[in-house]
Amino acid sequence: MIRIQIPGQLQQYCSGAKEISSVAKDIQGVFEDLENRFPALYGCVCDEGGNVRRHVNVFINTTHLRECNGMSTSLNAGDVVFILPAVSGG
Amino acid sequence: MPKRVILAIGTKKGMFVAEGASNRNKFSLKGPFGPGVAVYSTLIDNRSTPKIYGSSCNSWFGMKILRSTDLGKSFRETKSAPAFPKDDGRVLANIWSLEPGAGKKDLWCGVEPASLFRSTNGGDSWEMVSGISNHEHARKWMPGNGGLCMHTILRDGDRIHLGISTGGHYVSEDDGSTFKPSNTGVGAAWSPEKFPEFGQCVHKIVIPKSAPGRMYMQNHGGDPNHPNIGVLRSDDYGRSWRSISEGLPSDFGFPIVAHPHDPDIVYVMPLEGMTRTCPGGAPTVWRSANGGGSWKKLNTGFPKKESFFTVQRDGLDIDDLKSPALYFGTTTGQLWIGRDSGEQWSCLFQSLPPIHCVKVALVE
């Protein structure tokens, strides 16, 4: 089982859940799972082309998705996927 | 019930709603709604039960449409926002315009990159209008500094006018099925071809309510080598345009609005072309009462110096009371009212976030 941590700003799109679980085997599967179960949440994380939005960071445990194997990054039971808004302001 | 004046104000940090009595003496303020997120377009739709819409342009989590059914006491996101088809290749970057359609729940939405979307259920679902979004010119339009935006949607029965920066003015005669460029007389100073078929940096277009054949346009002017291309008028439904900028201190500016009861009265707010701020640091709205034949400066109540703000393309509006008032918001966060058709100005709110757009409507 994979755990997906949801930031506070996006919990309204998954019935207030702080964490949701998935049986996906890779990151692509996680996003497909989100798209099927929580389409509005998925739309906040990925644009209509299926790419992770520019100011959203995805970590697998403590490693940023860009340092992994992209969408085909494989996942193991117990992994935690963090979805985090980039720090920015002004 | 006496009419109330509602202002829907889009800012860099969310949406505000101001409300005042029809004497317009005092306004109260609510907001920010969609806090921390820029709102570039607002709409007060009072065709039936009044609704207020705002585009919440979230840099992190994508575009949302906010809707209020209680005159701005609260807002909720609609069920969806415009989005390109998955295989289109384009990604929504901003929402620049919201306009009512023909049916009571119909809405039109202009976005960046320049495309048009349509909703038949008050914004809960959207369909891309391919007649303009996939027009043969669409992939040739070029973004200006503000992005490649469809910022103006004007409806007159089955005729629909669009303003695109930089794309120019396009018209549909069949309720949006097909569109043609209509830019005869509209200049493009930065282009090798000074009067191209399309590709102009149109800033805003307006149709006076009582004369649909008449149109006014604020085009991208401000080039001393190519004067008199900035402020334009059409008398043939936008088929051809001619300059009416003679007498203005600059033909550069963003907004342009028409008087609600007299099609010959039009207002602009000229800015210096290089800085896009008030000429000489002295804010001035200019009014023509003869369709652009001559201009009168309206600056009673404004600072006479040291005011270098910008008023963006949707930052100026006018109500339709018998003696209408104008309203504009500045990039320095001030909201001004020009009572008596702009003869007397005063500042309603001094310190809002930078203002992108102001829309006004009367509601019961």
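**Figure 1. Chain A of this predicted model, seen through its contacts and its fold.** Among contacts in chain A between residues at least 6 apart in sequence, 51% join residues at least 24 apart. The model you are looking at is predicted. Chain A holds 2 helices and 5 strands, and reading along the sequence gives the pattern β-β-α-α-β-β-β. How many of the 90 residues of chain A, as a percentage, count as buried? The share is 26%. The C-alpha trace of chain A spans about 35 × 30 × 25 Å along its principal axes. A compact globule of 90 residues would have a radius of gyration near 12 Å, and the 12 Å of chain A agrees with that.

**Figure 2. Chain B as a whole.** Here you can look for 2 helices and 28 strands, which make up the secondary structure of chain B. The radius of gyration of chain B is 19 Å, close to the 21 Å that the globule rule gives for 364 residues, so chain B is as compact as a globular protein of that length. Along the principal axes, the C-alpha trace of chain B spans about 55 × 50 × 35 Å. Of the 364 residues in chain B, 52% count as buried. For contacts in chain B between residues at least 6 apart in sequence, 48% join residues at least 24 apart.

Figure 3. Domain 1 of chain B is made of two stretches, 1–90 and 318–364, while domain 2 covers 141–309. The centres of domain 1 and domain 2 of chain B, taken over C-alpha atoms, are 22 Å apart. In the contact between them, 14 residues of domain 1 of chain B meet 12 residues of domain 2 of chain B. Which strands each supply at least two residues of the side of domain 1 of chain B that touches domain 2 of chain B? They are β25 (326–329) and β27 (344–349) of chain B. The most comes from β27(B), with 3 residues. Sorted by class, this side of domain 1 of chain B has 5 nonpolar, 7 polar and 2 charged residues.

**Figure 4. An open sheet in chain B.** Follow 4 strands in the order β4-β5-β6-β7 of chain B, which form an open sheet with antiparallel pairing. At the edges stand β4 (38–45) and β7 (76–77) of chain B; each has a single partner strand, so one side of each is left without a neighbour in the sheet. Strand β5 (residues 51–58) and strand β6 (residues 62–68) of chain B pair in the antiparallel sense over 7 bridges.

Figure 5. Strand β12 (residues 149–156) of chain B has 6 of its 8 residues buried, so β12(B) is largely enclosed by the rest of the structure. It is joined by 7 bridges to strand β13 (residues 159–165) of chain B, and the two run antiparallel. One pair to look for is L154(B), which stands opposite H161(B) in β13(B). The hairpin of β12(B) and β13(B) has 2 residues between the strands, and in it G157(B) takes a positive phi near 65°.

**Figure 6. Strand β18 of chain B and its partners.** In a regular strand the side chains alternate between the two faces of the sheet. In β18(B), V231(B) and R233(B) point one way and L232(B) and S234(B) the other way, and all are buried. Strand β17 (residues 215–219) of chain B is joined to β18(B) by 4 bridges, running antiparallel, and M215(B) stands opposite S234(B). β18(B) also pairs with β19(B) in the antiparallel sense, over 2 bridges, where R242(B) is the bridge partner of R233(B).

**Figure 7. A close look at W241(B).** This residue lies in the loop between β18 (231–234) and β19 (242–243) of chain B. Is W241(B) buried or exposed? W241(B) has 26 C-beta neighbours inside 10 Å, and therefore counts as buried. Leaving aside neighbours within four places in sequence, W241(B) is in contact with several residues, including G185(B), V186(B), M217(B) and L232(B). W241(B) and T184(B) are 57 residues apart in sequence, while their C-alpha atoms are 6.0 Å apart in space.

Note on methods:
Residues are numbered from 1 along each chain as its sequence is written. Chains are lettered from A and ligands numbered from 1 in the order in which they are written. This is a predicted model: local features need pLDDT of at least 70, side-chain atom pairs count only at pLDDT 80 or more; totals for chains, interfaces and linings use all residues. Domain bounds come from an automatic or database domain assignment. Two residues are in contact if their C-beta atoms, placed from the backbone, lie within 7 Å. Ala, Val, Leu, Ile, Met, Phe, Trp, Tyr, Cys and Pro count as nonpolar, Asp, Glu, Lys and Arg as charged, and the others, Gly among them, as polar. The radius of gyration is taken over C-alpha atoms; the globule rule is 2.2 Å times the number of residues to the power 0.38. A residue is buried if 20 or more other C-beta atoms lie within 10 Å of its own, exposed if 12 or fewer, and partly exposed in between; C-beta atoms are placed from the backbone. Two strands pair if DSSP finds at least two bridges between them.
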